[in-house]
Amino acid sequence: MKVTVVGAGAVGASCAEYIAIKNFASEVVLVDIKEGFAEGKAMDLMQTASLNGFDTKITGTTGDYSKTAGSDIAVITSGIPRKPGMTREELIGINAGIVKSVATELVKASPNVILIVVSNPMDTMTYLAHKATGLPKNRIIGMGGALDSARFKYRLAEALDAPISDVDGMVIGGHSDKGMVPLTRLATRNSVPVSEFISEDRLNQVMEDTKVGGATLTGLLGTSAWYAPGAAVSGLVQAIACDQKKIFPCSTLLDGEYGLSDLCIGVPVVLGKNGIEKIVEINLNDAEKAHLAESAEGVKKTNGLLEL
């Protein structure tokens, strides 16, 4: 199992670290355009191998995609991160060119690769990867919902004063501050609806805090977060690599599902060895359907800024 991570910055390096520590991949290749940067990160990570007990080989390269040949899965984190006050959508001009070039190079080196897109605006970059590569829809996955759902569960556990292992919840829709649709109605604490424990007002606060989870961290850190995004990506990679058939909300190209077409947006999918094995259509109430439709309009508006 060979995994490539393009972009050796904070998110990419964290992703590589978590994949290595889980010890399911034989090799992780880090790629970056900054001379020596990926090589240095790879060496630093390899020096933790005996300490963290993993045997995954981590190598780095400065822009040489021949080193990525034969990759089963490739993660695209490259591009500029958010800064305080920036929306994910404002990154489109710079990141579109980077993602298009990277996706094309990855597929050229590894024709059977499954791509996971992390670069923002993520739903639009996932759509761009489809247009640039022409890969089957099951082999291009946008990572947003897994991260947003983790942030949702963090806020739910905080509100419930409960251990996070007791809490389950999911966020669908666009990976943006306005586009996220946290499914509060379906959130549970050990199978009991969370509405049994906390008020509607508190639940609405959890929802709003979740939607601005990235912006909150950007304000505190001066750049985008990296531990949770890296962990979220590693979870998707492991589900595919180990054929786990796990359900994650991921940005996927829709063709009539949820009444939406010709866009990538976050919905629940089953992940296995073929990438997206199945799109899961859950029964949404009228309010949730309306929020998802509104989110889709926002994604389509951002897609319209692409120069395809």
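Biologist: In β4, which residue is the bridge partner of Val 5?

Modeller: Heads-up before we start: this is a predicted model, where local features need pLDDT of at least 70 and side-chain atom pairs count only at pLDDT 80 or more, while totals for chains, interfaces and linings use all residues. Residues are numbered from 1 along each chain as its sequence is written, and side-chain values use heavy atoms, with hydrogens and water left out. β1 and strand β4 (residues 73-76) run parallel and pair over four bridges; two strands pair if DSSP finds at least two bridges between them. In β4, the bridge partner of Val 5 is Val 75.

Biologist: And how many bridges join β1 to strand β2?

Modeller: Helices (H or I, at least four residues) and strands (E, at least two) are DSSP runs, numbered from the N terminus. β1, helix α1 (residues 10-22) and β2 make a right-handed β-α-β unit, right-handed meaning that, with the strands pointing away from the viewer, the path from the first strand over the helix to the second runs clockwise. Val 6 stands opposite Val 31 in β2. Between parallel β1 and β2 (residues 27-32), the number of bridges is five.

Biologist: Are the residues on the two faces of β1 buried or exposed?

Modeller: Buried means under 20% relative accessible area, exposed over 50%, partly exposed in between (1.4 Å probe, protein chains only). In a regular strand, side chains alternate between the two faces of the sheet. Here Lys 2, Thr 4 and Val 6 sit on one side, with Val 3 and Val 5 on the other, and all of them are buried.

Biologist: Okay, which residues does Leu 236 touch?

Modeller: Contact means heavy atoms within 4.5 Å. Leaving out residues up to four places away in sequence, Leu 236 touches Ile 116, Ile 141, Met 143, Ala 146, Phe 248, Cys 250 and Leu 271.

Biologist: How many residues apart in sequence are the parts that Lys 131 and Asp 262 tie together?

Modeller: A salt bridge is a side-chain nitrogen of Lys or Arg within 4 Å of a carboxyl oxygen of Asp or Glu, and the structure holds ten. Lys 131 and Asp 262 meet in one of them, at 4.0 Å from N to O. Lys 131 lies in helix α5 (residues 122-133) and Asp 262 in strand β13 (residues 261-272), so the distance in sequence is 131 residues.

Biologist: Which side chain of opposite charge is nearest to Arg 139?

Modeller: Arg 139 is in the loop between α5 and β6, and its contacts include Pro 111, Asn 112 and Asn 274. For charge, Lys and Arg count as positive and Asp and Glu as negative; His and the chain ends are not counted. Arg 139 is buried yet has no salt bridge, and 10 Å away is the nearest side chain of opposite charge, Asp 72.

Biologist: Is Ser 191 buried or exposed?

Modeller: Ser 191 lies in the loop between β10 and β11 and has a positive phi of about 80° although it is not a glycine. Asn 190 lies in that loop with phi near 50°. With 65% relative accessibility, Ser 191 counts as exposed.
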